[in-house]
Amino acid sequence: MFTTKAYREEALRLIIEEANCVARELNLPESLPITETNLLEVYITPPRIAQGMRALGNITTSNYTYYISVDNKFSFLVRRNLEQEYSNLRAHCLWPMSRMDTNAAYQIATQLLAAASMDVNALNRDCKVQIQAFTPEGRAGKHFVPVYWVYWVAPSQEGRGITASIEFVLPTRTILQMHVKDSKYILRKPLEIANLDFLLSPTNSAPVPNAPANP
Amino acid sequence: MLLRTHEQILTPVRPYQTSPFGNSYLPTNWPPYNAGSRSYAEAGLAHYTTRLDQVKEMDETSDVVNIGLHYVATTGPNSTQPKDTDGDGIPDYVEDSNGNGQCDAGETDWQNPQTEQGIPDPVNTVYDDIDLDGDGMVGRIEKALSRNPLLWDNPLTLTQVVTGEEPDIATFKVPISYSLVGHDLANRIGKLNLLMDGKALSVACEPDINGVCALAWDTTFSPPGFHVLQVEFVLNQKLSAGPYPDPPVIIAMGPPTTLTTCNVLEFDPFYCQYDDLHGAILYARIHACPDATYTIVLQTPEGVYIKTITGSTSSGEIETSWDLTYDDGTTLYTGDSVNAIFNITLPDQRSYSQKLNLTKIIDLNDLYLPVDGNFTVAYTTDHSADEEDLHDCIQLAVVDQLLGVCNAIVCYDDFYDSTFNTWSDFGAFPGNPGHLATQADSDALMYNLANENLFQAPTKNFYFFGHASINNLGTMEGDDSVHFYAWELAARLGNTSFAYGKRAGKWRTGQAYRLVFLDGCCTAMDPEWAHSFGVYDRITSQQLANCPKKVQAYVGWTGMKKAPGRGFKFDMANCYIVFWAAWQSGLPLDRCIWYASQDHPPAPVDFIDLSDYNFGPKYQYWSVPAMKRRGMTYQLGSPRIRIYGYAGITRTGYQPGYDDSVFYR
């Protein structure tokens, strides 16, 4: 679990930089640029684990959590306060079932993934697409909320996980969740920490705390 | 021909003799008699014989063992009754289990009916893990249920009784006093589970008019057809100190019985409640045919008409909603309970009717599971020498990964907060990983988990490492016991009826947790712990498409999990670092467990060697001799991780498509 302040700062700098790119590419409702002072939460994977897992970490703004979790590439995006979002959508955006449009959902899903440099063609080639809407009244209810899950499942993995998925609000194209689990479908450049040895050298280790220890 | 020492030349005609146990008894004048290579004690055959007259090996004139097949010595040539010299009801060969003719540690004296003065041998603790009469109950359970350990008197039998609620509710009487197993009794000695096809159902034990347990199984929540039913008794148990799983056998099973159920509709526990804000989803699966038309008549519990909903299905599922209005479409129903009578008509005009009772959730907090809620971590250890290592392991591999680390200049917030633990400064600052050293610590943990401090944000996530069992957590070391029981927790969280009520697992009334991992033995043998934390048995992607805010998961073990012995906990720390790093990196729970279950995880975790400790069945496998040494049953000796709830839950949300996770099994 050894780390240094310098390592964390460099990892954080890279993740923030990438989050800014993603926010711009996906036109996310963020106040750009995202800076360290905008962050509510930061998880920087301990260096040894991060080198192995190639999962640098993730940051949370007041709007989204940006994950660099697959091959040091931007891979997951999750809207903050999801539960509240679902409640608001349900309260204010209940549409009659006749307006359910999975074709439109699929089109927008592929556009959003492509905008984030995900390889939609390869996903379509290798996986089966499934689409699910937010149906708070059940599938036979009168209304639904225009929030769609579009997800790609490898044929051998059906029921045991997905390769990529995106959940979004159709009218506003607001992304609620996006996950791409396999690096080969993520066309983005991996984030690489230069001068790793220097950053992890003892001179850059964390200072000794001056606060008293907890019992 | 060269004979080696102890080899004998046999006559062509072998003079074997026949007696009750077989036809290979030897005459005493035949060369193999007293011709073995060692003594009877070394051979462990003191209470066995080769002779028709049933003289034991140890009673022969020579100590040299006979060559040939040995039989248990009986009371006479024509008897099948094994010799019981002291008349205590336990055969000599059982009392002297190593067969050396002596009374050793771990044995009772075959010449003394009370090896420990005042304690008849059949109730001696030597037989606590042994089933002397073969009725399925070891000595510990025979004593707990006041049964005769030498008599086939297993009371775990199911007798169906007629209550008038048939066929929807099948009620079975089990001749065990409710005062012994009632969930609401402080001095209960254990619990009863009803197993359907080997899987524990959430069926409450309730007293009948004679105070005997009645198990009422609502068959409308199970698929129709032929089922094998069995009752299981689980003894309360305080856990013993030590790095190894707790050996005692605390489970007894009754004989199986069968029942064929004929419900056409199968209801789902996830859809048994409604609330003023969201109304209700009315759900049923039709097993007879995918095509059907239906009417659902809603009535008050007193039978007063509210509304009728009609529709048709071609998928075999009815999944519609009710906005809590009466037939006029505007007047709101405000009652706390409602009956939905499903009437279906199949294409061949056959029709069926089945009733579902739904209850209202009063406290909407139950529905609200904040993803960034507080996290509580706790662990117990019982070797002071281990405390430091385990402290560092839990602190660095779990708490710091969840909460973050701090130094003199800045604190790095890692998503979760805690009202129980504190982070450390890269290991230099000790932090608080949640060690439970005393009963007071356990009490404080319970207070924390129950969110009884009104001025703190609620805790919705919990990880525990340490000794655990089917229904309690903690460790007993000497007189200093640290534990709490599942029913105590359920009561504090307001989940007693969800865990133990007549509709256990269906009507949630108390606090619900988003993620719970009880990382100790036997914590997922049945849903009791999951229900105590307000977690449903199973949640599907489709259910989350209806109610995405209700995503939650409980993780436990189905048997005696292994833990590293004394000393450094690097192996264990590696496993937990992988698990929690995967969780913090946004991977679904199913994948986090999978990565932490590999000897050599593949990319992206292929940098780490977990072969010395991981969650996988290969590492967790107990060999038969190891199980035997610890008195473990096969069932407990094949520990696996099991998930209740939804396996696709992630740190900040969930992913669909995890409806067939291997960790549900």
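Predicted model: local features only at pLDDT ≥ 70, side-chain atom pairs only at ≥ 80, totals over all residues.
**View 1. The largest nonpolar core.** Zoom out from Tyr576(B) and you meet the largest nonpolar core, with 212 residues. Tyr576(B) is among the residues with the most contacts inside this core, together with Leu215(B), Val516(B), Val535(B) and Ala553(B). Helix α11 of chain B, residues 570–584, gives the largest share, 11 residues. Another core, of eight residues, lies apart from the largest one; among its members are Tyr40(B), Leu45(B), Val65(B) and Tyr93(B). In soluble globular proteins, nonpolar side chains tend to be buried together.

**View 2. Helix α7 of chain B and its buried face.** Follow residues 486–493 and pick out the buried ones: Ala486(B), Trp487(B), Leu489(B), Ala490(B) and Leu493(B). Looking down the axis of α7(B), these buried residues fall within an arc of 155°, so they line one face of the helix. Just past the end of α7(B) comes Gly494(B), with a positive phi of about 80°.

**View 3. An open sheet in chain B.** Here five strands line up in the order β15-β21-β20-β17-β18, with mixed pairing. At the edges sit β15 (273–274) and β18 (305–313), each pairing on one side only. Strand β17 (residues 292–299) runs antiparallel to β18(B), and eight bridges join the two. For one of these, find Gln299(B), whose bridge partner in β18(B) is Tyr305(B).

Conventions
Residues numbered from 1 in each chain as written. Chains lettered and ligands numbered in written order. Pairing = 2+ DSSP bridges. Helix = DSSP H or I, 4+ residues; strand = E, 2+ residues; numbered from the N terminus. Buried ≥ 20, exposed ≤ 12 C-beta atoms within 10 Å, placed from the backbone. Arc of directions from axis to C-beta. Core = buried A, V, L, I, M, F, W, Y, C linked by C-beta atoms within 7 Å.
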